[in-house]
Amino acid sequence: MIRIGAYIGEIIKRNINQDFKWYEYDSVYHFSSALDGVHRGIKTATVLYSKKRDRVIVPLTVVAQYLEGNSTYTDFLKYVEETIKQNS
């Protein structure tokens with residue numbers, strides 16, 4: 001799950017071509033309000049965060065939800081395309 005989420009996150013990160021970097025969930029949570037209302041999906045959650053735009057992308061959580069059957073996305077490609085479009 002973590003490898004799939006990290007791979008998807010890197011695809012998103014490279015296609016957005018913004019200042020998104022990987023951070024631990026807790027670091028961003030204590031620094032920014034961007035995670036207000038965002039559930040911490042897995043124990044060692046890592047997120048993509050843009051300091052400049054104060055935006056968070058949570059690919060590992062999305063993958064976990066998908067594998068558990070709780071995803072709002074029909075497949076990973078749909079998630080990647082929508083996330084790139086929203087953040088470009």
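Is Glu10 buried, partly exposed or exposed? Its relative accessible area is 21%, so Glu10 is partly exposed; the cut-off for buried is under 20%. Keep in mind throughout that this is a predicted model.

**Stop 1**

Glu10 pairs with Lys13, with the closest N and O atoms 3.9 Å apart. Glu10 also meets Arg14, at 3.5 Å from N to O. Glu10 and Lys13 are 3 residues apart in helix α1, about one turn of the helix. Arg14 and Glu10 are 4 residues apart in α1, so about one helical turn separates them. Now colour by accessibility. Lys13 is partly exposed at 27%. Arg14 reaches 65% and counts as exposed.

**Stop 2**

Select Lys78 and Glu82. Their closest N and O atoms are 3.9 Å apart, and the two form a salt bridge. Both sit in helix α4, 4 residues apart, so the spacing is about one helical turn. Glu82 is partly exposed at 29%. Lys78 is partly exposed too, at 40%. The count of salt bridges for the model comes to 3.

**Stop 3: the core**

Go inside. In soluble globular proteins, nonpolar side chains tend to be buried together. Here the largest nonpolar core has 18 residues. Which of them touch the most other members? Select Ile8, Ile12, Ile16, Ile57, Tyr79 and Val80. Elements that each supply at least two residues of this core are α1, α2 (25-31), β2 (46-50), α3 and α4 (76-87).

Centre on Tyr79. Leaving aside neighbours within four places in sequence, Tyr79 is in contact with Ile8, Ile12, Ile57, Val58, Pro59, Val62 and Tyr73.

**Stop 4**

Select Thr83, in helix α4. Its relative accessibility is 5%, so Thr83 counts as buried. Beyond four places in sequence, Thr83 contacts Ile12, Ile16 and Ile57.

Move on to Asn87, also placed in α4. At 3% relative accessibility, Asn87 is buried. Not counting residues up to four places away in sequence, Asn87 touches Ile16, Gln18, Phe20, Arg53, Arg55 and Ile57.

**Stop 5: α3 and its cover**

Select α3 (59-68). Its buried residues are Pro59, Leu60, Thr61, Val62, Val63 and Ala64. Now show what covers them: the cover includes α1, β1 (21-24), β2, β3 (55-57) and α4. Step past the end of the helix to Gly69. This glycine follows α3 and has a positive phi, near 85°.

**Stop 6: aromatic rings**

A pair of aromatic rings is described by the distance of the centres and the angle of the planes. The count comes to 5 aromatic pairs. Take Tyr25 and Tyr29: the centres are 5.9 Å apart and the planes are at 15°, so the pair is stacked. Both lie in helix α2, 4 residues apart, about one turn of the helix. Tyr25 is buried at 7%, whereas Tyr29 is partly exposed at 41%.

Next, select Tyr66 and Phe76. This pair is tilted, with 4.5 Å centre to centre and 50° between the planes. The pair links distant parts of the chain: Tyr66 in α3 and Phe76 in α4, 10 residues apart. Phe76 is partly exposed at 22%. Then find Tyr23, Phe31 and Tyr49, which form one aromatic cluster.

**Stop 7: the nonpolar patch**

Which residues make the nonpolar patch of about 430 Å²? Select Met1, Ile2, Ile4, Tyr66 and Leu67. Helices α1 (2-16) and α3 each supply at least two residues of the patch. Met1 is in the segment before α1 and is partly exposed at 39%. Tyr66, from the tilted pair, is partly exposed at 31%.

**Stop 8: a loop residue**

Finish at Asp19, in the loop between α1 and β1. Asp19 is partly exposed, at 22%. Not counting residues up to four places away in sequence, Asp19 touches Tyr49, Ser50, Lys51 and Lys52.

Conventions
Residues are numbered from 1 along each chain as its sequence is written. This is a predicted model: local features need pLDDT of at least 70, side-chain atom pairs count only at pLDDT 80 or more; totals for chains, interfaces and linings use all residues. Side-chain values use heavy atoms; hydrogens and water are left out. Patches are made of residues with over 30% relative accessible area and no salt bridge: like charges are joined within 9 Å, nonpolar side chains (Val, Leu, Ile, Met, Phe, Trp, Tyr) within 5 Å. Accessible areas come from the Shrake-Rupley method with a 1.4 Å probe; for residues, only the protein chains shown count as cover. A salt bridge is a side-chain nitrogen of Lys or Arg within 4 Å of a carboxyl oxygen of Asp or Glu. Buried means under 20% relative accessible area, exposed over 50%, partly exposed in between (1.4 Å probe, protein chains only). A nonpolar core is a set of buried Ala, Val, Leu, Ile, Met, Phe, Trp, Tyr and Cys residues joined through side-chain atoms within 4.5 Å. Contact means heavy atoms within 4.5 Å. Rings of Phe, Tyr and Trp (its six-membered ring) pair if their centres lie within 6.5 Å; planes under 30 degrees apart count as stacked, over 60 as edge-to-face and the rest as tilted.
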